[in-house]
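My entries follow the order in which I looked things up.

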Amino acid sequence: MRRIKKVAILGSGIMGSRIACHFANIGVQVLLLDIVPRELSDVESKKGLTLDDKVVRNRIVNDALKIALKTNPSPVYHKSVANKIETGNLTDDLSKISDCDWVLEAVIENLKIKNQVFEEVEKNRKQGTIVSTNTSGIPINHIAAERSDDFKKNFIGTHFFNPPRYLRLLEIIPTPDTDADLVDFLMEYGDLYLGKSTVLCKDTPAFIANRIGVFSIMSLFHTVAEMGLTVEEVDKLTGPVLGRPKSATFRTCDVVGLDTLVKVANGVYENCQNDEQRDLFKLPDYINQMVEKNMLGAKTKKGFYQKVKDEKGKSIIQALNLKTLEYAPSQKAKFATLEATKSIDGLKERMPVLLGGKDKAGEFYRKSFYQLFSYVSHRLPEIADDLYNVDAAMEAGFGWELPVFEAWDALGVKETVDAMKEHGFEAAPWVNDMLSNNCDSFYSVENGIKNYYDINAKKYKNIPGADKYIALDNLRNNKTVWTNGGCNVIDLGDGILNVEFNTKMNSIGSEIIQGVHKAIDLAEKDYRGVVIANNASNFSVGANLGMIFMLAIEQEYDEIDMAVRMFQNVNMRIRYSSVPVVVAPHNMALGGGCEMAMHADKIKASAETYMGLVEFGVGLIPGGGGTKEFALRLSEEYSDGDMILNDLKNKFLTIGMAKVSTSAQEAYDLGYFRKGIDEITVNSKRLIAEAKESAIEMAEDGYSQQSLRKNIKVLGKQGLGMVYAGANSMQAGKFISEHDQLISQKLGYILCGGDLSAPTEVSEQYLLDLEREAFLSLTGERKTLERIQHMLKTGKPLRN
C-alpha cells in the first residue's frame, strides 16, 4: 500500500526541474536538489557573498527552477504550484530524502556520476523508498548493480519525455531485481495521477519510443538524400497529413536539438550489434557536417531552418539546402498525392491514398512505411513483448495519431506484407504466423473493448487497463443510437448517452444543436444522463463563424437572430433538462464550446483544457449565453460596495481581453469553472469514462431538474458608469479603437443588466435577450465583418 506524498528530484536541469513541476501540478510535495557551485558568480562576488552562504550553495537549483517557471508554454498548471517545490543542494540537503516516498534521479548522463549519486542516496533513503532514474541511454541494470538488495528491489527506470507536462509518455523499465508489485504500482500511478500513458519497456538501448522514433528519422535522413527531397517537402509530407505534429520531422529536430538526436542514434549503432538495420543509424555526411558547424537547431539559432531579418526588419524563415548546406527562403511544397487527400478527413481512410500515390510523395510514403513496418515488427519481442506497447509509446511520446501497427491495419496487413515484399522489405515471421492463424489485423474490437494480437498466445487478448478508458472509435459502429452529418449520439452503457461532435474543428452549428436536443430527448425518456465529449484533437473551437459571416454579408439578420436564439436555447436545455448533463472539454474549448460547457451541471475537464470566451477578438460578444452566465455568476458573488465593482471589472476584462486559460486549473481563476462543482481529470484518456461516472453519480443521488433563474441581481447604471468611463478613457488614450469601445459598451450593458436606475433582480431570459440583441447589432458593423473575415483566413484575431 504505497502512497506518494513527497518526491525528491535529484538534478534540476531541463528534465529534472520540469519533472518537479509536474509532480507539484498534481499536488505532491517536491524536494528539488542539485550540486553546489564551485565558484562565485560576478554578482555574488560584488555582494561580498562566499561559497558558504546558502543563497550561493542553492544558486544552481534556484536559477534552474526560475528558468523553468518562466518557460512558455509553462510547465505548471498554475503559478501557485511552485509553492509545493522546496529547493536545496545535494551536499547539505540529501538527508531530507529520508522523508520522501520516491527519489527520482535526473542528473547528467554519466554512469560514474549516477553511481556516485546513488551511493549517497542509499545512505540516506529509508527502506522501501522507490528509487528511479530518468536516464534515456544508460542500461538501467548497470546503474543499480552495486546497490543493496532493498535498493535493487525498489529501483526502476522511469523515463519521462520532455516537456513532462505536455508529452504523455512515461516509459517504465524494470530490472530483473525490481519488485513486480512496484512495476504494477508505477504503471497505475503514472496513468491515474501523473496523467501519463505508462508503457512497460525492456532494458534495451533507447527503450521503445526513441528506438523507433529515431530509426524513423534516421531512415528518413537517408531517404531524403536518395530521393533529392527538400526540407520543406519532407515536413509537408510528415506532418498533420499523417496525423503527426505540425513540427513534422525537421522542425522537430530543430526543437529537440540535432546533437540529442545524434547521441541517441550513435548509442543505438554502438550497442545494437545484431540490429538488422544497424547501418541506417550511421549519420549521413550532411548531418555530420551540420554537427561540425554547430547547426544544431533552436539552441544554436540555426539548424534545418533559421529565422533572419530581411532588409525591412521583417522576420523570415529560411530552409537549409541539404546538398549545399546554405539557406534560402522557405518554399511551399505541393504534391498531387496530397491534393487528392484534401477531401478525406479520416486518417485511416487517407493512408491507402497516400501510399498509393503515383508521384514522388507516394514513392516516399511507400519506402518510409514499408521500411518502418519491417523494422518495428522485427523489434518484437526485443524491446517489448506486446505490440500495443510500441503503439502506445509512439502515440504518447512522438504524437503519432496513427502509430505503427494501427497504420498497418489501416492499409490492410496482408496486402501490405505482399507490397513490402515487392519493394524488398520483409515483415517479421510472427506477422506471417498471425495471418496463417486467420488473424488478419493487429487489433480487433469486441463489445467496445480494443484487443491486440498476442504473439506468444497467437490469439487476441484484451489490452490491460483498456476498460478504464472509453474510446468512441470502438463504440461508434455498434452503439450509435442517432446520427446526423455533424454529430453522433452514442450509448456509453449504464444509461448514459454521449454526444460526439464531428464537424470541422468541432465548430458548433445547427447539426450539433439538433444532436444535443435529440440526446436529451432520448435520455429524458429512456436513459439516465448525457455526456458531451469527443476524442478529437480539440473539444470545440466555437460557433460556425463562416456561417455567421455569410449571413451578415447577405444581411440576413433574421437568420442570424434565429441561429443565436437556437444556440441560446440548446445551452439552456443543457442547464434545465430533467437528466444530468456533464460536459467534458479538452484542449481548445473556445467561444461557443466554452459557453456550452458553462451551462452543464458539471464540467469534467482534462487538465490540458484551454478555455475562453474569445468572441471579442472577432468584434462580437459571447451570444450563446456566455455573457449572461458571467452576469449570473457575478450575482452569486454579490456583495456591497467596491468589491462587486471589482468583480464586475474582472469579469468584463476576461471577456473583453478574450482571456483563454492556459490550463483547466486556471479556468477557475477566470470564472469559467465553478469551485466545488467542476472537476479536473489529469489523464485525458480517462476523461469520458470519468464524465460518465459523474453523470451516473448525479443520477443515483436523485438528480432534480432546476428552475429558471429570475433572481439575478444586476447593477444597472451603478456598474455601467464604470464600464463606460473605462472604455471612453481607453479610447481617448488611443489604447483601443472606436470599434473596441463600441463592443465594450455593449458587453458592459449586458453584464450590468442595461441602464437600470438601481441594482435590480432580473431573469435569465431578460439577459439572454440583451445578449442576442447586442450580438445581432454587432454583425452589422463593417469592422466586425473585417475581423471575422481575417480570422477565417488566418486563424488569428485582428485588432482595428
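Which residue in β16 does Thr-483 stand opposite? I found Asn-488 there. I keep in mind that this is a predicted model.

**Entry: the sheet**

I followed β15 next. Three bridges join β15 to β16, residues 487-493, and the two strands run antiparallel. I then listed the whole sheet. Seven strands make it up, in the order β15-β16-β17-β18-β19-β21-β23. The sheet is open and its pairing is mixed. I noted β15 (480-483) and β23 (679-681) at the edges. Each has a single partner strand, so one side of each is left without a neighbour in the sheet.

**Entry: a helix pair**

I turned to α9 (residues 209-227) and α17 (residues 387-398). They pack at an angle of about 70°, and their axes lie 9 Å apart. That makes α9 roughly perpendicular to α17, because angles from 65 to 115 degrees count as such.

Which residues of α9 meet α17? I wrote down Ala-209, Asn-210, Ile-212, Gly-213 and Val-214. On the α17 side they meet Val-390, Ala-393, Met-394 and Phe-398. I sorted the residues of this contact: seven are nonpolar, two are polar and none is charged.

Notes
Residues numbered from 1 in each chain as written. Predicted model: local features only at pLDDT ≥ 70, side-chain atom pairs only at ≥ 80, totals over all residues. Heavy atoms only, no water. Pairing = 2+ DSSP bridges. Helix = DSSP H or I, 4+ residues; strand = E, 2+ residues; numbered from the N terminus. Axes fitted to C-alpha atoms, helices over the stretch in contact; angles between N-to-C directions. Parallel < 35°, antiparallel > 145°, perpendicular 65-115°, else oblique. Contact = heavy atoms within 4.5 Å. Nonpolar A, V, L, I, M, F, W, Y, C, P; charged D, E, K, R; others polar.
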